Amino acid sequence: MFKRRLRRDGRAADRLVGFRPRKSASIATVRARGERRRGAGRILLPGSPGASPALRKTRPDLEIDVSAIAKGFAVDRIADHLDGAGIENYLVEIGGELRGRGRREDGQPWSVAVQRPVEHRVTAQLIVRLEDRAMATSGDYRNYFETDGVRYTHVLDPRTGRPIAHGLASVTVIDPSASRADAVATALLALGPQDGLRLAEAEELAALFVVHDGDGFTERRTDAFERYVSQ
């Protein structure tokens with residue numbers, strides 16, 4: 001059930017909304033683009049009725065954006081290579097997605113900061129311990145634009161094809177797999193603070209939700225996440 005709920009529509013979110021190159025787009029334009037190109041049903045998987053042995057698109061302009069898992073996937077591949085080389089202690093990081101094995105040279109667990117979701121400065125929300133675990137964060141505070149006082153982020157809700165519009169600022173997930181942590185963090189961010197937390201608790205995921213609260217933030221942690229927080 002969980003895998004089905006994580007299915008994402010095939011489209012390039014940054015081009016759909018206008019993040020590359022960075023520019024503003026009216027919500028009407030975003031909606032029109034989304035309706036034309038939204039829907040996982042527009043992709044035929046191998047083995048499905050009418051499909052070829054390869055992945056096939058039903059629209060020439062349909063695009064598949066794998067950026068929600070690309071960094072996590074790369075982290076896992078590097079970690080697998082290090083494991084194969086017999087390296088027992090390491091910390092791999094690509095663009096904020098991490099995977100650690102073993103411990104530091106001083107024998108302590110890898111300590112990693114979860115960034116507070118604010119612009120123009122780097123500060124820690126909290127510190128977690130990573131030992132044979134990976135961590136990924138998805139947030140709304142870097143890639144976005146504002147139109148008529150409303151913020152539109154680069155993360156799209158697959159249920160609507162539109163940018164998310166709720167108070168969730170970031171989601172951090174800890175998991176043995178960086179690829180899975182990366183994908184799940186994005187999915188939970190798209191679901192929002194209530195539905196995302198409900199799913200995370202039901203699936204016993206280690207997840208941290210940072211929610212906009214006026215000029216500040218509030219935290220919501222799953223029980224599974226608590227064990228990794230450095231006291």
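In which loop does L55 lie? In this predicted model, L55 is placed in the loop between β1 (43-44) and β2 (56-57), where helices (H or I, at least four residues) and strands (E, at least two) are DSSP runs numbered from the N terminus.

Residues are numbered from 1 along each chain as its sequence is written. Because the model is predicted, local features need pLDDT of at least 70 and side-chain atom pairs count only at pLDDT 80 or more, whereas totals for chains, interfaces and linings use all residues, and side-chain values use heavy atoms, with hydrogens and water left out.

The chain averages a pLDDT (the predictor's confidence in each residue, from 0 to 100) of 80, and 74% of the residues score at least 70. Over residues 1-17 the pLDDT is below 50, although this stretch has 53 contacts in the model beyond near neighbours in sequence, a contact meaning heavy atoms within 4.5 Å. Residues 19-24 also have a pLDDT below 50, and 17 contacts beyond near neighbours in sequence are found for this stretch.

The secondary structure comprises seven helices and 14 strands, and of the 231 residues of the chain, 43% count as buried. Among contacts between residues at least 6 apart in sequence, 54% join residues at least 24 apart. The chain exposes about 12,300 Å², of which carbon and sulfur atoms supply 49%.

Strand β7 (residues 133-139) is largely enclosed by the rest of the structure, because five of its seven residues are buried. Strand β7 runs antiparallel to β4, to which it is joined by three bridges, and L98 has M135 of β7 as its bridge partner. Six bridges join β7 to strand β12 (residues 168-175), again in an antiparallel arrangement, with S170 of β12 as the bridge partner of G139. Pairing of two strands requires that DSSP find at least two bridges between them.

The structure holds 11 salt bridges, each defined by a side-chain nitrogen of Lys or Arg within 4 Å of a carboxyl oxygen of Asp or Glu. One of them is formed by the side chains of R99 and D76 (2.8 Å, N to O); this pair links distant parts of the chain, with R99 in strand β4 (residues 97-101) and D76 in helix α4 (residues 67-84), 23 residues apart. Both R99 and D76 are buried. By contrast, R104, whose closest N and O atoms with D106 are 2.7 Å apart in a salt bridge, counts as partly exposed at 32% relative accessibility. A further salt bridge joins the side chains of R221 and E219 (2.9 Å, N to O); R221 is partly exposed at 29% relative accessibility, and E219 is likewise partly exposed, with a relative accessible area of 29%. Salt bridges that share partners join D76, R77, D80, D83, R99 and R101 into one network.

Conventions: Buried means under 20% relative accessible area, exposed over 50%, partly exposed in between (1.4 Å probe, protein chains only). Accessible areas come from the Shrake-Rupley method with a 1.4 Å probe; for residues, only the protein chains shown count as cover.
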